[in-house]
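Please examine the sequence and the 3D structure shown below. The paragraphs that follow lead through a residue and then through a sheet and its helices.

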Amino acid sequence: MKQTTNSILMIRPTAFRMNEQTAVNNYYQKVVEGLLPATVNAKAQQEFDALVEKLRNVGVDVVVVEDALGTDTPDSIFPNNWVSFHENGDVALYPMFAENRREERREEIFDLLEDKGFQIDNIIDYTSAEEDGFYLEGTGSLLLDRTNEKAYCALSPRADEELFIEFCEDFDYAPVLFEAFQTVNGERKLIYHTNVMMCLGETFAVICADCIDDKKERKMVLDNLKKDNKEIILITEAQVDSFAGNMLEVSGANDKRYLVMSTAAYQSLTPKQIEQLEKHAEILSSSLDTIEACGGGSARCMMAEIFLPKA
């Protein structure tokens, strides 16, 4: 299986703002003072459009869908949490922690993808777990090494162990489970999404090993990456705060590899880290300051990779 795809789904926001329902365990969100909601949304749209343009300019097939009007979906810009698309024609739907994020799941998006020639054979729906208070937020919670058939997951209130194991059994991934922490007001608290502190490329992995407090777990995760011949590029917790873990490798024209990240993430990297990354992919960065501050997510969260076969 391929690790990178040329096709991604992105949702253009209509009501983007800081989501108070997710802020309870996403410590990367900030209140931006003095900006009207309409201004925040307009800024997010500008950042979104600029990133889409950069991706399209290098040959990435970006399917843009406007968020539905009149819904309270402040985080719709992060579709990778509610859906994932797989090479065998499977689509997975995920249970979401925040009630207002459940409104983001829209079946008509699948019709639109089929109209564009993508083949959907089977929908695997985990969303009933919401009724029991269990969550697994897509490729925010799951980092999929598709080539080596491994799934990495940092357990958190938004990543339930049993659901993760169920996903791995359904999709034939070997589970790699651990806990990752960040310091919030002097306390170690679980990081809400794995993809904040880790990124898997085809031939490399970016990871903040310092977030994995348990030494055995840390060694186990790093050993798995080494075994699969990934070059490990270590980042610091301060760099995680700048979303340097929230990157995604995509394929552009002529199968050229690009590593997509925000300007803040790029600016936090050292020259040596940039040199290491550029051996594997060309860096494509774009300013996402408003989206990062209010949404507590960055470039990777904005892109749901489409691995579906073409009909």
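E187 counts as partly exposed because its relative accessibility is 47%, where buried means under 20% relative accessible area, exposed means over 50%, and partly exposed lies in between (1.4 Å probe, protein chains only). The residue belongs to strand β10, residues 187-190; strands (E, at least two residues) and helices (H or I, at least four) are DSSP runs numbered from the N terminus. From C-alpha to C-alpha, E187 and E131 lie 30 Å apart in space, and they are 56 residues apart in sequence.

This is a predicted model, in which local features need pLDDT of at least 70, side-chain atom pairs count only at pLDDT 80 or more, and totals for chains, interfaces and linings use all residues. Residues are numbered from 1 along each chain as its sequence is written, and side-chain values use heavy atoms, leaving out hydrogens and water.

Consider next an open sheet of three strands, ordered β2-β1-β17 with mixed pairing; two strands pair if DSSP finds at least two bridges between them. Its edge strands, β2 (61-66) and β17 (304-306), each pair on one side only. From one strand to the next, the twist averages 30°. Strands β1 (residues 7-12) and β2 run parallel and are joined by six bridges, with S7 opposite D61 in β2.

Two helices accompany this sheet. Helix α1 (residues 37-57) lies across β1 and β2 and runs at about 160° to β1; axes are lines fitted to C-alpha atoms, for helices over the stretch in contact, and angles run from 0 to 180 degrees between N-to-C directions. Helix α2 (residues 108-115) packs on the sheet and touches β1, β2 and β17, its direction making about 145° with that of β2. Contact here means heavy atoms within 4.5 Å.
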